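My notes follow the order in which I looked things up.

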Amino acid sequence: MKNTSKIFKALLMTLICGLALTACDQKLDEMNVNPYGIDPTEVNPNLLMPTILAASAQNYASLGVNDLAGAVQHTQKNGWYGGHNTYSWENMSWTGWYDILRNNDLLYNRAVTMESKFFQGVSLTMKSFVFGNITDLWGDAPYTDALKGNENSMDFQFPQFDSQEIIYKGIITDLKAAVQLFENANNTGVVPANDLYFNGNVEKWKRFANSLLLRYYMRISVKMPAEAKAGVEAIYASGDYIKNASHDAALDYTGGASDIWLTRHVKLNPDDFTRYQASQTFLDQLIGTNDPRLTVWFAPVRVQWVADKTLATATDNNIWRNGEPLGVLTLPFDDFVVLYPKDKFTRRYNPDLISLNDALYVGLPPALVIPESYNGNPSPGQGTHNQHVSTLADIYQTAGSTGDILKARLISSAEVSFIFAEAALNGWSVGSAQENYNAGIEKSLASWGQAGKLSKFLAEDGVAFNNTLEQIMVQKWVSSWTAAAESFADYKRTGFPSLAAGPQSPQPRVALRFQYGNDEYNNNSININKAIENLQLTDYSGGFGKDSQWSKSWLYQGTTTPW
């Protein structure tokens, strides 16, 4: 049996080897091709565009409702709040942004091969948008040598970092080139549905590119004022910029699993949704000016405190429902509101014994030590709803259809008007500062369904134009709701609005940048160390050294802003 087994194995091996040799002999010069793959040299740009546009908008919206919304104090979180409330921005990876850039680079190469000016313009515009966010948030970054990992040179496996100055200049050069391409482009061969922003409209793409130019001219205006002034004035004179909401670069709700606006949190994790609460900084501004957008963005507290100096204790455990005493709570504090969603609940407190916020809209002050306990919440804990603090409004639970006012906005007509208002205040030839300021407010109100309240709002104390940069930037900050990345950049550049770090912040100032990620430290150490040397230590850089959230990149070095 042993011999038979050995003979069988020998015959089997001979057969296998024979087959293998025959196969090798016949197919040695042929490539094993994945029948389900797409050859990069043949890919249709229409198939690349949706991935690039969706990912760019969703990444940007994620910044605008998460960490940077906390940094500019639009919102605070009452759980899992380190990155949101206290600038815990260590090891911040930019991989997602560079993933977009790789697809975008393929789009550009295909567009050049196909001689498509439209797709070339789209690619240069999106390249500028993505690199703009990278350098805004980190500082120096791989730019000139980036996206070349498939080339033979080992230098491109470990790309050098370009200075922030070079990146901003490159962004402006690419956007100018994009505008010129759109001047002579048509949308022949473009599938409108695959252009998630503009349905293949060349004119709107040109307006988008020019509006991004306005954004980045203002970004460099302190360092390169003459170039910024000439660029902004030329675009204003051309009239080719985003003028109304129909021109906005925005991604509508797609229904996909990666949609980032907060509807996603409700559908996937209601507890996560309740962690997003109003920032008192933002509420003070909205309430103080009777801003009609307040009720669109935030819900009133579900349980309002009522002052009662006759109360023997600091707070009363009794709950009142629609003005009638309901008695001591027998259900968990979170549960009774779910049972009676339309009812008004109150509790009493003695203002002589305890200080509580008894307003209808209440926010979390920035960077609280224990935010989940704020304002007398009797059931603090991760994931519980603090009924004494305002959450996001109902639209964030019901939105989720094409055409909703809740969108991922990359740049809006309101932002463009505020840019011109600031430029006019500088003495540049872009019309009246007041008219542009009023237009910015008008467009923001219209975007959030409050157009009919413009006249009354413009007459409010603190809103009626007073010819100051602070007022322009404060209203721009308000209008950047869900697009906080731009307000974060404006704050760093101008110091407005005036923001104070909270008690749990590691430093007494608002942070300025993200720390570089571990991937760069582990795989590109020589080049990242050179980039870190270009950062400027400040009094608040702390134990992180130069790669600190409180160090200054090139754009803010030599200035006293924001601190």
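**Entry 1: a pair of helices**

How are H8 and H9 oriented to each other? I found them roughly antiparallel, a label that covers angles over 145 degrees, while under 35 counts as roughly parallel, 65 to 115 as roughly perpendicular and the rest as oblique. Helix H8 spans residues 202-219 and helix H9 residues 225-238; their angle is about 155° and their axes lie 9 Å apart. I noted that axes are lines fitted to C-alpha atoms, for helices over the stretch in contact, with angles from 0 to 180 degrees between N-to-C directions. Helices (H or I, at least four residues) and strands (E, at least two) are DSSP runs, numbered from the N terminus.

The crossing of H8 and H9 is left-handed, meaning that the near helix is turned anticlockwise from the far one by less than a right angle; clockwise would be right-handed. On the H8 side, Asn210, Leu213, Leu214, Tyr217 and Met218 make the contact, and on the H9 side Glu227, Ala228, Gly231, Val232, Ile235 and Ser238. Contact here means heavy atoms within 4.5 Å.

Residues are numbered from 1 along each chain as its sequence is written, and side-chain values use heavy atoms, with hydrogens and water left out.

The mean pLDDT (the predictor's confidence in each residue, from 0 to 100) is 89, and 87% of the residues reach 70 or more. Over residues 1-29 the pLDDT is below 50, and this stretch has 1 contact beyond near neighbours in sequence. Where pLDDT is low, the predicted coordinates should not be read in detail.

**Entry 2: the whole protein**

I counted 22 helices and 10 strands. Among contacts with a separation of 6 or more, 73% join residues 24 or more positions apart.

Next I looked at helix H7 (residues 164-183). Its axis and that of H8 come within 9 Å and cross at roughly 160°, so H7 and H8 are roughly antiparallel. This crossing is left-handed. The contact includes Tyr168, Ile171 and Phe182 of H7 and Trp205, Asn210 and Tyr217 of H8.

**Entry 3: helix H12**

Which residues of helix H12 (residues 280-288) are buried? I listed Gln280, Phe282, Leu283, Gln285 and Leu286. They pack against strand S5 (276-278), helix H13 (294-297) and helix H19 (469-479). The axes of H12 and H19 come within 11 Å and cross at roughly 110°, so the two are roughly perpendicular. H12 passes H19 in a left-handed crossing. Thr281, Phe282, Gln285 and Leu286 of H12 meet Val474, Gln475, Trp477 and Val478 of H19. Just after H12, Asn290 has a positive phi of about 50°.

Is Gln515 buried or exposed? I found Gln515 in the loop between helix H20 (484-494) and helix H21 (518-523). Its relative accessibility is 8%, so Gln515 counts as buried. Leaving aside neighbours within four places in sequence, its contacts include Trp89, Trp138 and Phe544.

Key
Predicted model: local features only at pLDDT ≥ 70, side-chain atom pairs only at ≥ 80, totals over all residues. Buried < 20%, exposed > 50% of the residue type's maximum accessible area, 1.4 Å probe, protein only.
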